[in-house]
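This briefing sets out selected features of one structure for computational work. The points are grouped by topic.

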Amino acid sequence: MPYEGMIFRPPSEAESLIIQTTVGCSWNKCTFCSMYRYKDFRIKEYDEIRDDIEMAKMMYGDDVRRVFLADGDALVIDTDNLLKIIDTLNKDFPNLERVSTYATPHNLLNKGIDELKELKDRGLDLVYLGVETGDDNLLRSIGKGVRRDEMLEAGLNAKRAGIKLSVTIILGLGGKEGSKTHAEETARLLSDMDPDYVGALTLMVIPSTPLYNMVKSGRLTLLSPIESILECRRIIEDMDVTDCIFRSNHASNYLPLGGRLPQDKDKIIKTIDDIVKKNKTYLLRSEDMRAL
Ligand code: SF4
């Protein structure tokens, strides 16, 4: 498929057909993020997208069951156009089971529940929302552009519309200085939002980002691998959710963990405690094996 620039997708979309509907991220201001820093944001014309879908139809035909709409926030596309794209996918791929996309909190707040419901009814099944943290001060400092209450409302909008909600959080985002508050407030926000999936990433410091300068100047002290998994432990322990798949299987993490919460909470915590108490650091991914 012809893509503009590097394409990113969640680990769970590894088997999906990726259709690039936007180039870059419409927000593009988060201080830790380098993914779309050098892409000028634009929404692709419907005709370009339709050509890509037609090419995919010729290549993969009936095999396409899942489609992920890239780049950073395809949900920014106005609802009528997005419905047209989803309708085209449904027409061309008769075995299509799931359409998903990244979303910013602004996208979910701007669409509102009626438009999100219409998108759900026509086939948008899942959105990935970068929550990053529940700490209001940290949300401000990383330039996320929303407060905690707005982030909560954004996630709840997706759920109220019946769209499955997968959120990401970033371990180590507050450094040693802010670790306790980051963990407590993130667990509190996740408990209030009650998402279907939580994916934990671990902070990667990328040289082209403002966050890199914070680390270099000593304003943010990075967590050690053990501190990072202990932060993860605190979040899992404090999270009070109904039925949520938790994963830390992203390549940035020191330790891949997974389970269904709340029932697997004790098992996950026991795994972390065993590693920490017996100092089994050989089980942790080494720094040079971590990746975005
Ligand atoms: S909204 Fe997401 S993709 Fe856009 S800058 Fe922030 S983290 Fe990066």
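In this predicted model, Glu 13 counts as buried because 20 other C-beta atoms lie within 10 Å of its own, and 20 or more is the cut-off for that class. The residue belongs to the segment that precedes strand E1 (17-20).

**Surroundings of Glu 13**
- Setting aside residues up to four places away in sequence, Glu 13 touches Phe 68 and Ser 100.
- Between Glu 13 and Pro 262 there is a separation of 249 residues in sequence and of 24 Å in space, C-alpha to C-alpha.

**Nonpolar core**
- The largest nonpolar core contains 71 residues, and Val 67, Val 127, Leu 129 and Ile 163 have the most contacts inside it.
- Strand E6 (residues 124-132) supplies the largest share of this core, with six residues.
- Ile 163 touches Leu 116, Lys 120, Leu 124, Asp 125, Leu 126, Val 127 and Ala 158, when residues up to four places away in sequence are not counted.

**Packing of H3 and H5**
- Helix H3 (residues 105-122) and helix H5 (residues 148-160) have axes that come within 8 Å and cross at roughly 35°.
- The crossing of H3 and H5 is left-handed.
- On the H3 side, the contact is formed by Pro 105, Leu 108, Leu 109, Ile 113 and Leu 116; their partners in H5 include Met 151, Ala 154 and Ala 158.
- By class, this contact has eight nonpolar, one polar and three charged residues.

**Ligand shell**
- The residues surrounding the ligand include Cys 25, Cys 30, Cys 33, Trp 27, Lys 29 and Thr 104.
- The shell divides into six nonpolar, four polar and one charged residue.

Key: Residues are numbered from 1 along each chain as its sequence is written. This is a predicted model: local features need pLDDT of at least 70, side-chain atom pairs count only at pLDDT 80 or more; totals for chains, interfaces and linings use all residues. Axes are lines fitted to C-alpha atoms, for helices over the stretch in contact, and angles run from 0 to 180 degrees between N-to-C directions. Helices (H or I, at least four residues) and strands (E, at least two) are DSSP runs, numbered from the N terminus. A crossing is left-handed if the near helix is turned anticlockwise from the far one by less than a right angle, and right-handed if clockwise. Two residues are in contact if their C-beta atoms, placed from the backbone, lie within 7 Å. Ala, Val, Leu, Ile, Met, Phe, Trp, Tyr, Cys and Pro count as nonpolar, Asp, Glu, Lys and Arg as charged, and the others, Gly among them, as polar. A residue is near a molecule or strand if its C-beta atom, placed from the backbone, lies within 6 Å of it. A nonpolar core is a set of buried Ala, Val, Leu, Ile, Met, Phe, Trp, Tyr and Cys residues joined through C-beta atoms within 7 Å. A residue is buried if 20 or more other C-beta atoms lie within 10 Å of its own, exposed if 12 or fewer, and partly exposed in between; C-beta atoms are placed from the backbone.
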